[in-house]
Amino acid sequence: MSSAILRLEHLCKNYGALAVTEDVSLALRENELHAIIGPNGAGKTTLIHQISGLAPSDSGRILLDGKEITPLSMPERVHRGLVRSFQITSILPGFSVLENVALAVQAHEGSSFRFFGRAAAEKKLNEQAMAALAEVGLADRAARRAGLLSHGEKRQLELAIALAAKPKVLLLDEPLAGTGPEESEVLVALLRSLKGRITILLIEHDMDAVFSLADRISVLVYGQIIATGSPAEIRENRDVRVAYLGEEVV
Amino acid sequence: MEKAVTHIPETVAPPAFIRREGVPLILFALLLLAPFVARFFAESYLLALFSRTMIFAIAALSLDLILGYGALVSFGHAAFLGFGAYGVGILAAHGVSEASLQLPLALASSALFALVTGALSLRTKGVYFIMITLAFGQMAFFLAVSLAAYGGDDGMTLPSRSRLFGFDVLEDDRALYFLILLALLGSYLVSRAIVMSRFGRVIRGARENPQRMAAIGFPLFRYQLTMYVIAGTMCGLAGFLLANQTGFVSPAYMTWQRSGELIVMVVLGGLGSLHGAILGAAAFLLLEEWLSGFTEHWKMIFGPFLVLVVLFARGGLLGAFRRLGIGGAR
């Protein structure tokens with residue numbers, strides 16, 4: 001466990017009297033794809049919000065590469081290499097596909113306090129953005145307005161934006177949400193191609209995708225992690241079956 | 001794949017030069033020619049009217065930077081007009097009419113006011129931002145009213161226009177006109193460069209989706225605050241010119257109604273296009289002048305006109321032009 005790149009220690013979060021995250025501890029190994037599953041309302045998205053810095057934690061610590069990042073804001077965490085995507089598509093619809101990604105490159109390449117020179121014409125930014133687009137298979141859509149993409153393409157674009165930020169750890173909040181079977185096939189292939197290169201924390205409802213992609217799976221129920229293990233172990237786990245898969249185990 | 005990487009499209013379907021630059025080119029050409037044509041008519045009246053129009057165009061332009069590009073509805077922008085004007089007035093009251101001293105004071109005080117009020121206002125969002133900028137604008141207004149030594153409520157008449165390095169060239173209406181035109185052109189070009197720059201792209205991105213911008217690593221507050229200071233300083237320049245053009249400095253420059261008028265100008269012309277703000281300022285002031293010639297109740301006509309523009313010409317006058325096939329994209 002010495003190679004844990006992202007470590008959550010006793011993370012808690014309450015909304016009033018409701019404990020949404022209750023003493024969650026988790027260690028992500030470098031370059032593993034770790035999935036979190038759990039029934040609706042288990043607190044999966046809240047957990048991602050806490051890790052990414054969108055929502056503050058009430059207590060507990062988050063360590064990235066051994067360094068505590070709990071007090072940092074979301075942009076600061078991004079600069080440390082912790083990048084997230086959103087459950088509901090979040091892009092800049094009025095910008096071109098290329099510019100959506102180029103902005104993510106810009107956030108990491110030099111200062112953005114430059115007041116002169118056309119940003120859209122900066123070759124260095126655009127080339128890296130094109131590379132990220134090529135990686136997700138959107139190179140031929142570069143000049144389109146992002147708002148005009150199909151839903152599946154928007155989800156691909158979000159991945160390109162996240163990749164352009166050069167993440168050490170990628171937090172993916174239901175990347176397959178709302179996609180059709182063909183679209184999700186493209187995305188699953190894409191995630192598989194990222195596997196082993198980037199550490200990924202994946203929240204997903206599509207169990208086929210989760211069980212085929214994940215190295216390890218943690219099960220979150222009512223804000224608590226009730227089990228962590230390989231896909232095979234999770235499938236066989238009695239508590240998981242009761243709590244989540246809804247089976248009556250006598 | 002190789003080919004796709006080498007071919008990098010710059011923007012979404014770039015329109016032709018004239019389509020894009022037609023409106024600003026025509027606007028500035030007209031403004032350049034106006035004084036020569038004005039000689040054959042009521043010259044001083046027309047020069048004053050057009051000078052005033054250009055000054056408010058600078059103010060509206062600066063507001064467009066934060067309102068149009070940043071989606072930050074500042075309801076206290078007229079305060080900066082006041083800071084610029086009082087920079088002239090206060091120094092003039094102490095016998096300093098040198099522009100090279102007045103202008104830095106006007107700009108620096110506007111910038112400082114923007115920095116302090118922006119740092120507080122930008123911590124709020126939406127309606128709260130509108131309210132807090134309005135409150136700061138009113139604070140500036142009442143501060144000006146309380147300056148008894150500088151005319152208080154009534155304002156004060158300037159002994160002379162600003163002198164340029166000791167020369168009284170600006171006493172000539174035409175010289176002042178061209179100085180204002182130069183200031184407008186400069187503000188316009190600087191603004192254009194800014195909105196297309198890396199910095200401007202961050203501001204434009206935040207307008208569309210602030211959460212997305214934060215999630216790719218932009219701490220938006222400092223970018224928005226910088227833009228707020230740039231806009232405030234530019235509006236301070238307009239205030240400096242306004243004091244010179246009217247020969248008068250008064251708290252009336254900073255009323256909240258004035259801030260509202262600036263918003264109307266920007267919306268009337270078309271948000272987030274810069275030359276739209278110039279067009280809006282011109283339309284507003286010229287219509288005001290023209291309609292008030294018929295009746296003192298000119299707002300009875302102007303109000304419904306505004307309603308019509310907002311209802312039927314989304315994107316303001318510029319949007320209407322665009323639909324008619326004249327003038328360019330944003």
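This is a predicted model: local features need pLDDT of at least 70, side-chain atom pairs count only at pLDDT 80 or more; totals for chains, interfaces and linings use all residues.
## The open sheet of chain A

In chain A, 6 strands make up an open sheet with mixed pairing, and their order across the sheet is β6-β7-β8-β3-β9-β10. Its edges are formed by β6 (82-84) and β10 (224-229) of chain A, each of which pairs on one side only. From one strand to the next the twist averages 20 degrees. Helix α1 (residues 44-52) of chain A packs on this sheet, where it touches β3 (33-37), β6, β7 (169-173), β8 (199-203) and β9 of chain A, and the direction of the helix makes about 150 degrees with that of β7(A).

Strand β9 (residues 216-221) of chain A runs antiparallel to β10(A), to which 5 bridges join it. Within this pair, Ile217(A) has Gly229(A) of β10(A) as its bridge partner.

## The hairpin of β1 and β2

Strand β1 (residues 4-15) and strand β2 (residues 18-29) of chain A are antiparallel and are joined by 8 bridges. Ala4(A) stands opposite Arg29(A), a residue of β2(A). The hairpin of β1(A) and β2(A) has 2 residues between the strands, and in this hairpin Gly16(A) takes a positive phi near 65 degrees.

## The contact between chains A and B

Chain A gives 41 residues to the contact, while chain B gives 27 residues. On the side of chain A that touches chain B, the elements giving two or more residues are α2 (74-80), α3 (97-106) and α4 (123-136) of chain A. Of these, α4(A) provides the largest share, with 5 residues. By residue class, the side of chain A that touches chain B consists of 25 nonpolar, 10 polar and 6 charged residues.

## Helix α13 of chain B

Helix α13 (residues 299-312) of chain B has 14 residues, which at 1.5 Å a residue should span 20 Å, and the 19 Å between its end C-alpha atoms agrees with that expectation. The number of buried residues among the 14 of α13(B) is 1, so the helix lies largely in the open.

## Glu68 of chain A

Glu68(A) belongs to strand β5 (residues 67-68) of chain A. This residue is exposed, because 12 other C-beta atoms lie within 10 Å and a residue counts as exposed at 12 or fewer. When its neighbours within four places in sequence are left aside, Glu68(A) is in contact with Arg61(A) and Leu63(A). Ser52(A) is 16 residues away from Glu68(A) along the chain, and the C-alpha atoms of the two are separated by 13 Å.

Notes
Residues are numbered from 1 along each chain as its sequence is written. Chains are lettered from A and ligands numbered from 1 in the order in which they are written. Two strands pair if DSSP finds at least two bridges between them. Helices (H or I, at least four residues) and strands (E, at least two) are DSSP runs, numbered from the N terminus. Axes are lines fitted to C-alpha atoms, for helices over the stretch in contact, and angles run from 0 to 180 degrees between N-to-C directions. Two residues are in contact if their C-beta atoms, placed from the backbone, lie within 7 Å. Ala, Val, Leu, Ile, Met, Phe, Trp, Tyr, Cys and Pro count as nonpolar, Asp, Glu, Lys and Arg as charged, and the others, Gly among them, as polar. The expected span of a helix is 1.5 Å times one less than its number of residues. A residue is buried if 20 or more other C-beta atoms lie within 10 Å of its own, exposed if 12 or fewer, and partly exposed in between; C-beta atoms are placed from the backbone.
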